[in-house]
Amino acid sequence: MRNRVNYGDRHFEDFRVAIRDYGWVIFENALDSDFVAKINEDLKEAYVKRRAIQEKNGISANMAGTLHHLVEKDNFSLPFIEKMYCADEIAHFLGGNYILNGFNAVIHSQQQQPYVSNMHRDVRTFMGDTKLLMQMIVTLDDFTEENGATYFLSGSHKTDIKPNESYFFQAADRAIAPKGSIILFDSNIWHAAGENKTIKQRRALTLGFTRPFIKPQMDYPRMLGYDFIDKLSADQRQVLGYNSRIPENLDEYYQPVHLRMYKSDQG
């Protein structure tokens with residue numbers, strides 16, 4: 001397939017053609033092994049915390065191995081955002097500045113069937129050529145057929161027609177990739193996590209990026225704190241949504257241009 005390239009050797013035109021024709025592209029060797037190990041270590045505590053809340057609130061069914069909203073002050077998330085992986089590709093796809101819509105992860109174990117194993121796409125309204133959301137998968141283990149590498153129905157991002165599920169699993173391609181790879185895909189594409197038939201976990205980050213005027217799944221600036229902005233780089237502020245905040249009172253609304261919460265370059 002022509003939608004696979006080494007991250008350090010990638011060319012923009014290859015991405016443009018692959019995302020147009022296939023709807024997804026693999027960049028191999030994007031993250032170094034030490035950073036992958038750091039992420040996997042941080043996910044252990046993160047999962048215990050989130051699983052306890054899922055169980056407490058009675059929503060644990062079909063959510064085993066899922067971790068949502070991993071942005072925290074002291075884990076891997078801020079260094080990950082600072083590295084701005086695939087920034088040019090995401091900006092091109094979304095037509096300019098973008099923000100984080102969600103920063104999640106999946107720990108896929110044998111015999112687990114979380115909701116991500118269902119055939120789905122990540123937007124509920126088909127928007128055709130209007131691009132609102134780009135998804136990213138970061139492989140934290142090798143993705144193989146045996147451990148459930150993601151299914152992608154190449155080209156299905158071009159049509160509003162929902163495929164027959166039997167046809168989907170027969171015709172879809174598999175995202176076979178070494179750990180440390182990044183998979184970018186159009187949110188209109190139909191995809192599904194595969195079944196892990198091994199005794200080892202298959203871990204991955206799953207992120208979404210949108211145009212700044214779209215509401216994210218979590219208010220990351222409010223969660224981290226508005227005063228935390230001074231500890232962030234310009235790129236981190238942009239991606240986390242600090243440049244596209246909504247004022248909550250008149251004093252925050254009536255501000256000179258340089259102090260406004262929603263900046264003029266956010267669309």
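**Close-up A. Helix 1 meets helix 4.** In this predicted model, Phe12, Phe15, Arg16 and Ile19 of helix 1 are in contact with Asp88, Glu89, His92 and Phe93 of helix 4. Sorted by class, the residues of this contact are four nonpolar, one polar and three charged. Helix 1 covers residues 12-21 and helix 4 covers residues 87-94; their axes come within 11 Å and cross at roughly 45°. The two helices are therefore oblique to each other, and their crossing is right-handed.

Close-up B. Welcome to the inside of the model, where the count comes to two cavities of 30 Å³ or more. The largest cavity holds about 80 Å³ of space. Look for Phe80, Ile81, Met84, Tyr85, Ile90, Tyr98, Met136, Leu207, Phe209 and Val239, which line the largest cavity. Helix 3 (77-83) and strand 10 (202-210) each contribute at least two residues to this lining. How many nonpolar, polar and charged residues does the lining of the largest cavity have? There are 10 nonpolar residues, no polar ones and no charged ones.

Close-up C. Around the second largest cavity you will find Phe93, Val123, Thr125, Met127, Thr130, Lys131, Leu132, Leu133, Asp186, Ser187 and Asn188.

**Close-up D. The largest pocket, with about 970 Å³ of space.** Its lining is made of 37 residues, and those closest to the pocket centre are His120, Arg121, Asp122, Gln135 and Gln217. Strand 3 (66-67), strand 4 (99-108), strand 5 (133-139), strand 9 (191-192) and strand 10 each give two or more residues to the lining of this pocket. Which element supplies the largest share of the lining of the largest pocket? Strand 10 does, with six residues. By class, the lining of the largest pocket has 19 nonpolar, 14 polar and four charged residues.

**Close-up E. The second largest pocket, with about 380 Å³ of space.** Of the 20 residues that line this pocket, Pro216, Asp219, Ser244, Arg245 and Ile246 lie nearest its centre. Helix 6 (residues 220-224) gives the largest share of the lining, three residues. The lining of the second largest pocket divides into 12 nonpolar, two polar and six charged residues.

Technical notes: Residues are numbered from 1 along each chain as its sequence is written. This is a predicted model: local features need pLDDT of at least 70, side-chain atom pairs count only at pLDDT 80 or more; totals for chains, interfaces and linings use all residues. Side-chain values use heavy atoms; hydrogens and water are left out. On a 1 Å grid over the protein atoms alone, a cavity is a set of points where a 1.4 Å probe fits but cannot get out, and a pocket is an open set with protein on both sides within 12 Å along at least five of seven lines; lining residues have an atom within 4 Å of a point. Grid points are joined across faces, edges and corners, and a volume is the space filled by probe spheres set on the points. Helices (H or I, at least four residues) and strands (E, at least two) are DSSP runs, numbered from the N terminus. Ala, Val, Leu, Ile, Met, Phe, Trp, Tyr, Cys and Pro count as nonpolar, Asp, Glu, Lys and Arg as charged, and the others, Gly among them, as polar. Axes are lines fitted to C-alpha atoms, for helices over the stretch in contact, and angles run from 0 to 180 degrees between N-to-C directions. Angles under 35 degrees count as roughly parallel, over 145 as roughly antiparallel, 65 to 115 as roughly perpendicular and the rest as oblique. A crossing is left-handed if the near helix is turned anticlockwise from the far one by less than a right angle, and right-handed if clockwise. Contact means heavy atoms within 4.5 Å.
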